[in-house]
Amino acid sequence: MVRLLETVAQVSPTEATVLITGESGTGKEMIAGAIHFNSPRKEAPFVKINCAALTDTLLESELFGHEKGAFTGAYKRKEGRFLQAHTGTLFLDEVSEMSSAMQVKVLRVLQEREFIRVGGDQVIHVDVRVIAATNKDLLREIEIGRFREDLYYRLNVVTLLLPPLRQRREDTPLLAQHFPQSLFRKEPQENKRIHSPGHGSTAQV
């Protein structure tokens, strides 16, 4: 984790696209936020989207926006996440879940720094740093044809691998202290202690 955070400190001031890998729950979004808020873009928006949570049609609209009347229910123009993140950072979580068609469209933005809203014809230029995350092995996804190799190399300028907590158990007492403190920060609470049965370790809350 020390080496990982050293790399975060090194890559944050740069414009490099970052790919964060690791199991679900390892803190990929927190690392992405740390990169953004320690970068020259920290005063600009940090915009997040979970690519696995939306259908292809909704994801396209969320990323690129749409024009009024582009489809049923499009009653007004919508600004997409790429434009919302202009001069800032866009965090693409679960990037491996995008369809091949969406991968092509995201690749074009990374290459050309431009896109077109759904239902529009105006080319929109953006200045966005992209950080992507996945819990899958993208090289394996490429082998079986589920992820584009050219997009992988666009995203994989710098790779950060987050180890699961079971591989860094020395962090457990720190986390046991941090989460209750965060929970009770707004309301002063009586100090309590969490005891680890059989290990004799204690974390004060």
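**Close-up views of a predicted model**

**View 1. Strands β1 and β6 side by side.** In this predicted model, strand β1 (residues 18-22) and strand β6 (residues 129-134) run parallel and are joined by 4 bridges. To find your place in this pair, look for isoleucine 20, which stands opposite alanine 133 in β6.

**View 2. The open sheet.** Stepping back from that pair, we meet an open sheet formed by 5 strands, with parallel pairing. Reading across, the order is β2-β3-β6-β1-β7. At the edges are β2 and β7 (158-162), each of which pairs on one side only. From one strand to the next, the twist averages 20°.

**View 3. Helix α3 and its cover.** Now let us turn to a helix. Helix α3 spans residues 56-64, and its buried residues are Leu59, Ser61, Glu62, Leu63 and Phe64. Just after α3 comes glycine 65, with a positive phi of about 80°.

View 4. Beyond its neighbours within four places in sequence, serine 61 is in contact with His66, Phe71, Lys78, Gly80 and Val118.

Technical notes: Residues numbered from 1 in each chain as written. Predicted model: local features only at pLDDT ≥ 70, side-chain atom pairs only at ≥ 80, totals over all residues. Heavy atoms only, no water. Helix = DSSP H or I, 4+ residues; strand = E, 2+ residues; numbered from the N terminus. Contact = heavy atoms within 4.5 Å. Buried < 20%, exposed > 50% of the residue type's maximum accessible area, 1.4 Å probe, protein only. Pairing = 2+ DSSP bridges. Axes fitted to C-alpha atoms, helices over the stretch in contact; angles between N-to-C directions.
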